[in-house]
Amino acid sequence: MKELKSLLLVLVSVLVVSCEKDEPNQVVDETGKVFLEFQNVYQDVPFELLSDYTTPPPMDQKINCSRFTYIVSDISLVNDKGEEVKYHHTNPDKGAFLLVQHKNEMPKKIELKGIPAGTYTKIKLRVGLSNAAWKLGENQQKAFWNASKAAEMTWDSWAKGYKHLNFEGTWGEEGKAFSVQIGNVPSENKEMSVELTLSLPEVLILEKEKTKDIRFEVNASNIFGGKNKILLTSENAVVGSSNEEMITKIMENISTVVFKAASVY
């Protein structure tokens, strides 16, 4: 019996030592957090609703904005090896975000959890929501659909889908209305969201259990004054799915000069 107890003690000791040796080889959570801060601006000043601005030259039209809301989704960080870390792609309830401009309530931050430690040089994102995400069905995105509906970022039924961008206000000395509402057209299978790849102004080095921030400047003046210079008129100031030429010009402006990764800290 004493020999049996001694043998058991030896086996237990061997197991404990074995476990202790194995611990360094166990999977360790080597992740941190990245915050995305969106700062809306108009040309080179902070953007505010219900304030008078002038569209960029050569248009130079008076403009006053009452609404500026957009959706961001399908976010990816790209490391120095060119590898993408995707954050809940095609999953609106977890990976899509509403950015609603309220007076004195910007910038807005998005928290990305569980990002692998590493060195990142670029970020990808989608302005709007993809057709693939919408096709998952309403039951797969109830939380985001309801939030979007409350923010008036949906059309009048699920079948018509989301609005990606809603930019409204008045223009000219007479204060005529303008409205830019861009969204997918599910019935025609048109992809109207915009995919962006933005280089970071400096490398982002994320360490385990640490946080880093990326600040974006979203320049509302470039919606009408980017690559495509848009002079507002009574004929084109209300932009919807029927005004394909205007939508194409505005989407090109969004894809090139509206969003900028301004700083990393």
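**Close-up 1. Salt bridge between Lys160 and Asp156.** Asp156 is exposed, at a relative accessible area of 63% (exposed is over 50%, buried under 20%, and partly exposed in between, with a 1.4 Å probe and protein chains only). Its side chain meets that of Lys160 in a salt bridge, 3.4 Å from N to O (a side-chain nitrogen of Lys or Arg within 4 Å of a carboxyl oxygen of Asp or Glu). Lys160 is partly exposed, with a relative accessible area of 44%. This is a predicted model, in which local features need pLDDT of at least 70 and side-chain atom pairs count only at pLDDT 80 or more, while totals for chains, interfaces and linings use all residues. Residues are numbered from 1 along each chain as its sequence is written, and side-chain values use heavy atoms, with hydrogens and water left out.

**Close-up 2. Salt bridge between Lys33 and Glu111.** The closest N and O atoms of Lys33 and Glu111 are 3.0 Å apart. Lys33 lies in strand 1 (residues 31-42) and Glu111 in strand 7 (residues 108-116), so the pair ties together parts that are 78 residues apart in sequence. Strands (E, at least two residues) and helices (H or I, at least four) are DSSP runs, numbered from the N terminus. Lys33 is partly exposed at 34%, and Glu111 is partly exposed at 28% relative accessibility.

**Close-up 3. Salt bridge between Asp213 and Lys109.** A salt bridge joins Asp213 to Lys109, with 3.0 Å between the closest N and O atoms. Asp213 belongs to strand 12 (residues 211-219) and Lys109 to strand 7, and the pair links distant parts of the chain, 104 residues apart. Asp213 is buried, at 8% relative accessibility, whereas Lys109 is partly exposed, at 45%.

**Close-up 4. Salt-bridge network of Arg67, Glu152 and Glu168.** Salt bridges link Arg67, Glu152 and Glu168 in a network. The whole structure contains 15 salt bridges.

Close-up 5. Asp74 is not a glycine, yet its phi is positive, at about 45 degrees. Asp74 sits in strand 4 and is buried, with a relative accessible area of 11%. His88, also a residue other than glycine, has a positive phi near 45 degrees. The loop between strand 5 (84-87) and helix 2 (92-95) holds His88, which is partly exposed at 34% relative accessibility.

**Close-up 6. Cis peptide bond from Pro57 to Pro58.** Omega of the cis bond from Pro57 to Pro58 is near 5 degrees. Pro58 is located in the loop between strand 3 (52-54) and strand 4 (62-79).
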